[in-house]
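Biologist: Could you take me through how the helices pack here, and then whatever else stands out?
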Amino acid sequence: MNVSPGIDEVHGILIDRLLTGYYPAGSKLPSCRSLAQELGTNSSTVDRAIGRLARAGRVRTLPRRGTFVSEAEAGNVDPKAVLTGQLEELLLRARRLGVTAADLDQMVLSTLERVDSMRRIAVVECNERDLRRVQEIVQEATGVEVQPVLLCEADGRVLDEEFDAVAVPVFHLNDVAGHVKDMDQVVELNLVASPGTLRRVIDVRDRERLVVVAPTARGVQWMTALIGQYFPGEIEGVVSDPSEGTAGLDSVGDLSDAVVVVNNAAGLPYDLEGRAGQLIPIEWEIDGRFAASLKTRIDNLINFRIACGKGQP
């Protein structure tokens with residue numbers, strides 16, 4: 001039976017990440033909702049675990065900004081003391097299973113080699129749905145586990161100091177520029193609409209009215225150019241910024257006769273599906289021509305970083 005991690009387990013995981021530099025001093029923690037989804041628990045449990053960290057002075061929460069790792073964190077905790085108890089428990093289990101000391105030595109050496117060779121890669125997106133999709137895409141293409149980062153949670157962070165490489169969709173390059181010191185450490189992702197999305201657009205090519213919705217004017221232009229390759233009629237573009245409510249989309253009037261193609265980042269009324277004649281959300285995938293070289297590009301970037309003394313030895 002699967003049991004969700006409790007507050008002690010979540011607290012232990014977060015402590016480990018603080019001690020190992022997974023969350024560097026001064027960096028912002030992911031949201032409670034993101035951590036809960038990642039760890040397989042609920043937001044309340046994560047919030048309580050973070051509260052325990054805050055009371056111990058290991059993190060600090062700033063209103064409307066988020067939770068940040070305390071600068072003095074390294075001096076507050078003895079990593080050896082924290083890990084000793086966990087190591088003793090693991091060794092007891094190994095002994096009970098009949099694992100010999102020689103086997104343990106070899107396992108530790110092999111694991112250390114594997115850990116030392118691991119690379120820390122971030123993927124950045126502006127909304128959670130696309131972020132999860134892009135995370136899956138990059139992991140499938142590279143075989144490397146990556147850390148998801150929402151743009152709205154990147155404030156105050158320097159991503160190319162936290163990670164060995166930062167992967168971001170090409171249409172978010174400008175957005176991520178303020179969160180890195182060196183754009184050469186950023187790998188742009190050439191995303192295209194999935195075949196399923198394109199088939200749905202082609203199926204409505206005879207409809208008289210099509211509306212594309214995105215959170216920025218630049219996004220509207222980009223989506224109009226994309227959909228215009230498959231829809232021969234006139235395309236209406238609407239900016240619907242989540243931070244400004246749904247006024248932009250509400251201004252287009254009756255949508256009962258329209259096909260509405262939406263960007264997952266757009267701020268959409270809860271009743272849009274019932275109001276629109278047909279709703280088509282865009283799902284993304286990496287351009288096949290680009291996917292084949294993605295792992296090589298990331299490896300080359302990290303190797304160059306190491307050669308310059310910026311990455312792991």
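Modeller: Terms first: axes are lines fitted to C-alpha atoms, for helices over the stretch in contact, and angles run from 0 to 180 degrees between N-to-C directions. Helices (H or I, at least four residues) and strands (E, at least two) are DSSP runs, numbered from the N terminus. This is a predicted model, in which local features need pLDDT of at least 70 and side-chain atom pairs count only at pLDDT 80 or more, while totals for chains, interfaces and linings use all residues. Residues are numbered from 1 along each chain as its sequence is written, and side-chain values use heavy atoms, with hydrogens and water left out.

Biologist: OK, at what angle do the axes of H2 and H3 cross?
Modeller: Helix H2 (residues 32-39) and helix H3 (residues 43-55) have axes that cross at roughly 110° and come within 8 Å. H2 and H3 are therefore roughly perpendicular to each other, a label used for 65 to 115 degrees, with under 35 counting as roughly parallel, over 145 as roughly antiparallel and the rest as oblique.

Biologist: And which residues make that contact?
Modeller: On H2 they are Cys 32, Arg 33, Leu 35 and Ala 36, and on H3 they are Ser 43, Val 46, Asp 47 and Ile 50, where contact means heavy atoms within 4.5 Å. By class, this contact of H2 with H3 has five nonpolar, one polar and two charged residues, counting Ala, Val, Leu, Ile, Met, Phe, Trp, Tyr, Cys and Pro as nonpolar, Asp, Glu, Lys and Arg as charged, and the others, Gly among them, as polar.

Biologist: How does H1 sit against H2?
Modeller: The axis of helix H1 (residues 7-20) comes within 12 Å of the axis of H2, and the two cross at roughly 105°, which makes H1 roughly perpendicular to H2. Val 10, Ile 13, Leu 14 and Arg 17 in H1 meet Leu 35, Glu 38 and Leu 39 in H2, so that, by class, the contact of H1 with H2 has five nonpolar, no polar and two charged residues.

Biologist: What about H7 and H14, at what angle do they pack?
Modeller: Helix H7 (residues 128-142) and helix H14 (residues 288-307) pack at about 80°, with their axes 8 Å apart, and they are therefore roughly perpendicular to each other. Val 138, Ala 141 and Thr 142 of H7 make the contact with Ala 291, Leu 294, Lys 295 and Ile 298 of H14.

Biologist: Switching topic, where does Gly 66 lie, and what does Gly 66 touch?
Modeller: Gly 66 lies in strand E2 (residues 66-69). Leaving out residues up to four places away in sequence, Gly 66 touches Lys 28, Arg 60 and Thr 61. The C-alpha atoms of Gly 66 and Asp 155 are separated by 9.3 Å, although these residues are 89 apart along the chain.
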